[in-house]
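These notebook entries set down, in order, what I looked up in the structure. I begin with the sheets and then turn to helices, cores and single residues.

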Amino acid sequence: MRFLLRRLGFYLLTAWAAVTLNFLIPRLMPGDPVDLLVARLKGNVDPAAIDAMKRAFGISDANLWQQYVDYLGNLAQGELGRSITFFPTEVSTVIAGSLPWTIGVVGVATLISYVAGTALGVLMAWKRGTWLDGVLPAATFMHAVPYFWVALALVFVFGVTLEWFPVSRAYALDVVPGFTGEFAGSVLYHAALPAITIVLASMADRILGMRNVMVTTLGEDYVVMAEAKGLTSRRVMWAYAARNAILPNITSFALSLGFVVGGSVLTEIVFSYPGIGSMLLKGVENEDFPLMQGIFLVISLAVLVANFLADLAYVILDPRTRQ
Amino acid sequence: MKRSLVALAALVLAVAGCSGGGAGAGRTASAPPLIIHAIDSGTFQENFNPFHLEGVNFGTSGMIYETLEFFNRLKPGEVTPWLALKHEWSKDGKSLTFTLRQGVKWTDGKPFTAEDVAYTFEVIRKHPELNKSALELKATEVLAPDKVRVDFASTSYAKLFNIAGNTPIVPKHVFEKQNPVTFTNPEPVGTGPYTLSSFNAQLYEMAKNPGYWQPGKPEVPVLKFPAYTANGVQTALRQGEVDWAGAFVPDIEKIYVQGKPETNKYFFPAEGVVALLPNLTHPVLSKPEVRKAISLAIDREKIVRVAERGYTQVAHPTGIPMPGGEAYLPPEHKDAKFAVDLAEAKELLKDVDPAELKFELLVPSPFTDWVNAAQLIREDLAKVGITVETRGVAFQDWVSKVGKGTFDLSIRATPAGAEPYFQMRSMLYGKLAAPVGKSATGNYQRWKDAETDRLIDAYAATEDEAEHHEATQGLGRIMVEKLPTLPLFYSPSWAQYRTDKYVGWPSAQDPYAMPSPYTSPDAAVVLLRLKPAGT
């Protein structure tokens, strides 16, 4: 229990640091959103109206400290402000509209890749010296390939050349969103390529990580003892070796959630998928502080929650942490 | 000027070549829907409030809400009565009376009256944050059900386009119940040819307004606006999915035309001018002979051919968009043309210390075409002994540096507006030249000249067309003779349209409106002219 409380305190501190950085980093970018808007709209706006727009967007000239206090105050009330890119839509509405797509595709794909990759890693360590070792070079290769490259290759082969899968959007244009089989099918069909990208690109890490630790664990005395006791090899493999070997993999999984969201930005852009990554790109392009802050907040909170869950998993898997 | 990701996608497409490529939906007996890409967007938010500049969905202005008059930007001076039949200025140019069209109805059945027009301008007056044209509104008065007067604090002749051509009129009875600043108007009620029929984050549709005041129009029954990202629209154009797009296409013959020039058409008229900005606060660049030499050394034809893929033309030395701007050219420079003359350029530079001829050319790196143009300029200027270092920076950084005047040379586009005056004012007006270090809103090179300012003020002080021509010609003369900024080429307005479903699009032969779907309210004017193909 004390362990958990200590962790909780640590996470609160981290959350505060993340919130503060969220506030500061967008403001370090050069330029301001209204100047950018004027440059981008190529004259559909009278430059003299810049002042009017600054007022509409609530861009204040107040000093940084005052802005920071206001920001924390609004945050405490769950108020994320209005997006500049999608003015006057609230940032929370924009995030609510895009987050489900990211969680649906990136989240599910990451879980699949984690479960499949870990299981494959365990098997490969157990049966080393067999044909399964042939997976290793492939995994090493995939480990080195960036997400967007896999995405581009898949778009090129299966989307553009073979035309098996759609290359953009979350569902077909002629489908009306709703709880219908047709809509669900369309969503799955459109999610296939982005999900495959993420599974392919992130699974290799899991395979390699799990296999390497597993190989070490298999040499431990307690594994030899378990075998000597005459336990079934399945029991030895999963309950003795894998249970201990999986600990570092859980940490790396929690840590990698942040990178998953980062990597998914590129995946979403390549597939024109309407998730949080595409929104983040829009926000950055337009120096949309409120939107960027909102998305960064969601990402950092997701990572913190994932780490906390990893800690909980440790408590369950490793009795040593329970004291 | 498109992102590198587009180029990446285009590469993929170009490699893929012309495999497959469906011919679009089969033609049905009734008129088919028109599929439109206006701006790149991954998803839409439900916003149809025409007072908004950013975030509002395309079509709100023009298709749903209409303006009082229509100004054809491709034929400056051509004004068509729309919701207003005519306008009349007071002698001092401070009040403007509109006589409105009668019999126009909002789509909820209520009549359109002078109350609505007065209300629209009142909203802008009361909410400075919605005053996107910076109108100096003082008061409005309804004189009769079809007559309304708008008063301004200062002479506003030059703002006629912003007042009558760029302010969509909203229904008072709907908007007065809302806060116009934050209202997202999910169920828009307009006077225009279309009404919103469905909306979701990936697609919205508009259907014909059966009670539209132009009888028998529009002939296109349904408009579909799918969300296309910059990459997505390239694929859509290649596969024939979209009928009307406003996109930069890297290799248009291969990706879009696909050997069918009679149906897969495009038209890229000038919507502004791209110029090389010499920072006039720089001691060397402020010398006219240096600017003249730079201008003489640059091979603009090559820039257009290589960097701009031949999609546009070399600018007229006055910078006035052509064709269309003939009346505004100073007669003695009518046939003026930029020509390369290295010998003369060297001659002009002979008294300048070669060590001083070192400049940095700042370009936004996402605009790959400008980056290429900058490289060509660097090579050209090296031939006359000018050392140019090109520096690509992030878009945000470029906007900020050019705004503050902390650059030697840069490239920037200036929009043409409804008449060349708008462009000239934005490029040359002394009052826009903020001191270096403060963000300017135009005249980024910081040109200060009494004669220029006099001509711009003279234009704004009258509504007489002949005087307008004269003032603009004077400004054109200054452009040619004093080179306050160096026009390179016209910035094109992108428009791809297919004629297999509908015909009647604007073209070089019949430039009745801006052809790009992202220009409002021009796009609605185009839609009203379309007829089903084969009729």
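**Entry 1: the mixed sheet of chain B.** I looked up the strand order and found an open sheet of 7 strands in chain B, ordered β8-β9-β10-β1-β11-β18-β12, with mixed pairing. I noted that the model is predicted: local features need pLDDT of at least 70, side-chain atom pairs count only at pLDDT 80 or more, and totals for chains, interfaces and linings use all residues. Residues are numbered from 1 along each chain as its sequence is written, while chains are lettered from A and ligands numbered from 1 in the order in which they are written.

For my terms, helices (H or I, at least four residues) and strands (E, at least two) are DSSP runs, numbered from the N terminus. Two strands pair if DSSP finds at least two bridges between them.

B:Leu34 has B:Leu223 as its bridge partner in β10(B).

**Entry 2: the antiparallel sheet of chain B.** I also found an open sheet of 4 strands in chain B, in the order β4-β5-β7-β6, with antiparallel pairing. Its edges are β4 (84-89) and β6 (137-144) of chain B; each has a single partner strand, so one side of each is left without a neighbour in the sheet. From one strand to the next, the twist averages 20°; axes here are lines fitted to C-alpha atoms, for helices over the stretch in contact, and angles run from 0 to 180 degrees between N-to-C directions.

Strands β5 (residues 95-100) and β7 (residues 147-152) of chain B pair in the antiparallel sense over 5 bridges. Within β7(B), B:Lys147 is the bridge partner of B:Thr99. I recorded that helix α2 (residues 114-126) of chain B lies across β5, β6 and β7 of chain B and runs at about 170° to β6(B).

**Entry 3: a covered helix.** Is helix α11 (residues 395-404) of chain B mostly covered or mostly uncovered? It is mostly covered, with 7 of its 10 residues buried. I count a residue as buried if 20 or more other C-beta atoms lie within 10 Å of its own, exposed if 12 or fewer, and partly exposed in between, with C-beta atoms placed from the backbone. Among the buried residues of α11(B) are B:Phe395, B:Trp398 and B:Val402. B:Gly405 follows α11(B) and has a positive phi, near 75°.

**Entry 4: the nonpolar cores.** A nonpolar core is a set of buried Ala, Val, Leu, Ile, Met, Phe, Trp, Tyr and Cys residues joined through C-beta atoms within 7 Å. The largest core has 149 residues, of which B:Leu237, B:Ala293 and B:Leu488 touch the most other members. Beyond its neighbours within four places in sequence, B:Leu237 is in contact with residues including B:Val242, B:Ile255 and B:Gln496; contact requires C-beta atoms, placed from the backbone, within 7 Å. I found a second, separate core of 46 residues, which includes A:Phe86, A:Ala109, A:Tyr171 and A:Val265.

**Entry 5: chain A.** How many helices and strands does chain A have? I counted 12 helices and 0 strands. Buried residues make up 41% of its 323 residues. Of the contacts in chain A with a separation of 6 or more, 74% join residues 24 or more positions apart.

The domain assignment gives domain 1 (22-76) and domain 2 (105-321) of chain A; such bounds come from an automatic or database domain assignment. Between them, 9 residues of domain 1 of chain A are in contact with 9 residues of domain 2 of chain A. On the domain 1 side, α1(A) gives the largest share, 4 residues.

**Entry 6: two residues of chain A.** A:Val176 is in the loop between α7 (147-161) and α8 (181-218) of chain A. A:Val176 counts as exposed because it has 12 C-beta neighbours inside 10 Å. A:Tyr314 lies in helix α12 (residues 289-317) of chain A and counts as partly exposed, with 18 C-beta neighbours inside 10 Å. Not counting residues up to four places away in sequence, A:Tyr314 touches A:Leu247, A:Ile250 and A:Thr321.

Key: Contact = placed C-beta atoms within 7 Å.
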